[in-house]
Amino acid sequence: MTASFILLAVLTVAGTAAAMSMRNAVHCVLALTLGLTSVAMLYLQLGAQFVGFTQILVYVGAVAILAVFAVMMTHNDKPMDLPDSHSAWIAGCIVAAAVFAVLARAIVSSAPTVQAQPQPAATVQQVGDALMHRFVLPLEIMGLLLTAALIGAVVIAMDRREEMK
Amino acid sequence: MTLLALWIPQLDQIFVIAAHWLLSYLPAALQPLGSAILSVAAIIVAFATLFALTTLLERKGLGRMQNRYGPNRVGPCGLFQPLADGVKSLTKEDIVPIRADRAVHFMAPILLVTACFLGYAVLPIGRNMVMVDMNAGVLFFFAVGSLMELAVFMAGWSSRSKYSLLGAMRAIAQMISYEVPLVLASIVVLMQAGSLSTVTIVNMQASYSGIWPHWFVFTPWGLAGFVLFMIAATAEANRSPFDLPEGESEIIAGYYTEYSGFKFALFFLGEYIGMFATSGLAITLFLGGWSAPFSFLAWVPSYFWFFAKLLTLIAVFIWVRGTLPRLRMDQLMNLAWQFMLPMTIFNVITAGIWHFMPGGPLRWLVCSTMVVAPCILFASGLKRKKKFQVRTYHFSQ
Amino acid sequence: MNSLQSYLLLSSLLFSIGLAGALTRRNAILVLIGIELMLNAANLNFIAFWRYGTNPDALTGIMFAIFSISIAAAEAAVGLSIILAAYRHCRTTDLDRMNSLKG
């Protein structure tokens with residue numbers, strides 16, 4: 001529980017809580033970006049350099065931009081006038097709080113069996129080695145999945161009115 | 001002569017020695033923090049000065065190319081013009097539109113400048129002169145480069161103006177499209193070097209065979225990669241001929257229309273700093289970083305060569321800006337997706353073939369053909385598709 | 001409470017915040033963002049267990065996280081394009097109003 005962990009944890013929770021409770025959708029996405037960047041810093045603090053930078057590159061550089069484009073194209077960038085109905089809001093928060101309570105109880109009451117160990121090394125060479133030898137099949141399947149997602153997203157979101165001209 | 005031979009390595013490492021001497025005054029617990037602050041201050045001072053110099057060089061260079069003098073009133077040959085520009089931008093009134101989103105409007109230039117300065121942390125400016133030697137250095141550089149796009153969107157959207165929004169959407173579309181060839185063009189170097197650490201990449205290029213250096217640009221795939229990287233870097237920095245998002249004759253100033261005074265100066269600074277950082281990465285990956293061009297010139301300090309190569313690339317940027325006309329949006333996108341992306345993929349295959357073939361003239365012949373032939377084919381393919389169609393923009397209705 | 005427990009608590013808090021958002025928001029895009037947050041919480045869990053658990057040399061946690069990030073990106077792309085297509089049809093992204101399959 002070092003000072004940097006506490007700072008990053010506060011930033012993460014603040015960013016994500018703001019992302020889920022703001023009225024303007026673009027503000028939500030920007031707060032999400034803050035939350036995800038602090039999660040990436042947590043990865044860096046845990047010593048997973050490759051994952052941390054990939055998180056920034058993919059989530060902040062691609063997913064957040066995609067989300068703001070979707071917000072702009074569905075004309076959601078004005079603050080929403082109608083409030084969310086209160087009963088559904090309260091029920092959702094109660095369910096989420098209950099889930100958190102169950103998980104926290106399980107975590108806190110579990111016996112600490114972890115011994116202090118030095119920082120394990122996860123160099124890019126080791127990650128590449130693992131990707132090419134032990135995880136080569138998931139890597140190839142991931143390539144297929146990303147190609148399918150790319151083509152599918154373009155086809156689904158394509159404007160059909162151009163074909164009718 | 002021996003005295004000179006003794007002084008030369010000292011001159012090369014003079015900044016490292018000075019930093020160690022300064023840090024020896026701090027207690028041992030504070031030394032990492034002091035070292036970080038010292039490096040950050042040095043980078044900001046050096047590159048902000050280079051920015052000021054570049055604004056002047058650009059205006060005078062463009063002026064000469066357009067058959068006129070550049071600024072020559074303030075100081076000898078206009079040397080104090082950047083100072084005058086700085087004073088002007090600091091004293092101008094900071095106007096924020098009434099309907100603008102104040103918090104996001106304020107954060108956008110700060111985020112842009114921060115993202116652009118972060119990239120310098122992994123560039124080796126001289127021998128032993130890199131701020132942080134990260135294991136995944138090149139990945140870090142591309143990750144912070146992608147933060148720039150978010151800052152551009154924030155600037156354009158928060159101004160609540162049609163020109164700003166249109167400019168921001170165009171700029172983001174352009175930056176995202178050219179980020180893919182940028183990363184793919186640098187992958188060939190990573191394949192050859194076997195590491196993502198910039199220090200390792202430069203050390204691999206710092207040796208000589210005879211008098212010729214082992215820079216990656218002197219191989220067929222390296223030259224193609226360098227050219228593609230520089231084209232993508234020009235597009236990422238929104239510079240001519242890719243400056244449609246900020247074209248003055250098209251949409252006023254694009255996403256920074258509604259900014260004035262110091263925030264406008266920050267955008268200007270951020271754009272140039274980003275340009276320098278990407279050029280610095282190109283120098284590190286392709287042009288051998290801080291190593292000298294010939295082995296008999298290796299006695300000149302390493303940081304001198306880095307800045308000399310950087311100034312050469314800046315001169316090329318200014319030259320291209322003064323020469324080529326602006327590309328239209330659909331021409332820009334076609335260039336990215338239909339020419340540069342297939343070219344970079346072919347380049348990766350070529351680099352793989354180069355790695356596995358035995359050295360000699362056959363390797364050069366095969367790889368050169370594999371680089372030149374697709375270039376000619378794709379370029380002729382681009383020239384043939386000249387149909388004009390109705391362009392519909394759905395971003396700002 | 002050791003470091004592993006603090007990271008796990010943080011990731012479960014992140015998960016429940018994402019869950020709350022996915023359950024209560026009416027805008028389809030914000031529900032998708034809640035789902036992305038839940039995926040991030042799971043990734044944080046994996047990395048924390050890689051760091052503090054047994055056998056970190058196998059890099060299992062890191063590999064899981066890398067593949068999870070890739071899948072999350074693909075899912076966000078396809079999900080957002082589906083939302084765009086639904087918007088073109090229903091002229092709204094309000095999930096309370098998209099409650100019938102009839103076109």
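Two residues are in contact if their C-beta atoms, placed from the backbone, lie within 7 Å. By that criterion, chains A and C share the most contacts of the two pairs of chains in contact. The model is predicted, so local features need pLDDT of at least 70 and side-chain atom pairs count only at pLDDT 80 or more, while totals for chains, interfaces and linings use all residues. Residues are numbered from 1 along each chain as its sequence is written, and chains are lettered from A and ligands numbered from 1 in the order in which they are written.

**Chains A and C**

Select chains A and C to begin. Their contact takes 56 residues from chain C and 65 residues from chain A. On chain C, display helix 1 (3-24), helix 2 (28-52) and helix 3 (60-90), each of which supplies at least two residues of the side that touches chain A. Helices (H or I, at least four residues) and strands (E, at least two) are DSSP runs, numbered from the N terminus. Helix 3 of chain C gives the most to this side, with 19 residues. Colour the side of chain C that touches chain A by class: 37 residues are nonpolar, 14 polar and five charged. Here Ala, Val, Leu, Ile, Met, Phe, Trp, Tyr, Cys and Pro count as nonpolar, Asp, Glu, Lys and Arg as charged, and the others, Gly among them, as polar.

**Chains A and B**

Next, select chains A and B. Here 17 residues of chain A are in contact with 20 residues of chain B. Helix 2 (25-45) and helix 3 (49-73) of chain A each supply at least two residues of the side of chain A that touches chain B. The largest share, twelve residues, comes from helix 3 of chain A. This side of chain A has 13 nonpolar, four polar and no charged residues.

**Chains B and C**

Now show chains B and C together. Chain B and chain C do not touch, and their nearest C-alpha atoms are 12 Å apart.

**Two helices of chain B**

Finally, select residues 102-118 of chain B, which form helix 5, and residues 262-285 of chain B, which form helix 12. These helices pack at an angle of about 20°, with their axes 9 Å apart; axes are lines fitted to C-alpha atoms, for helices over the stretch in contact, and angles run from 0 to 180 degrees between N-to-C directions. Helix 5 of chain B is therefore roughly parallel to helix 12 of chain B (angles under 35 degrees count as roughly parallel). Residues of the contact include Leu112(B) of helix 5 and Ile273(B) of helix 12.

Conventions: Angles under 35 degrees count as roughly parallel, over 145 as roughly antiparallel, 65 to 115 as roughly perpendicular and the rest as oblique.
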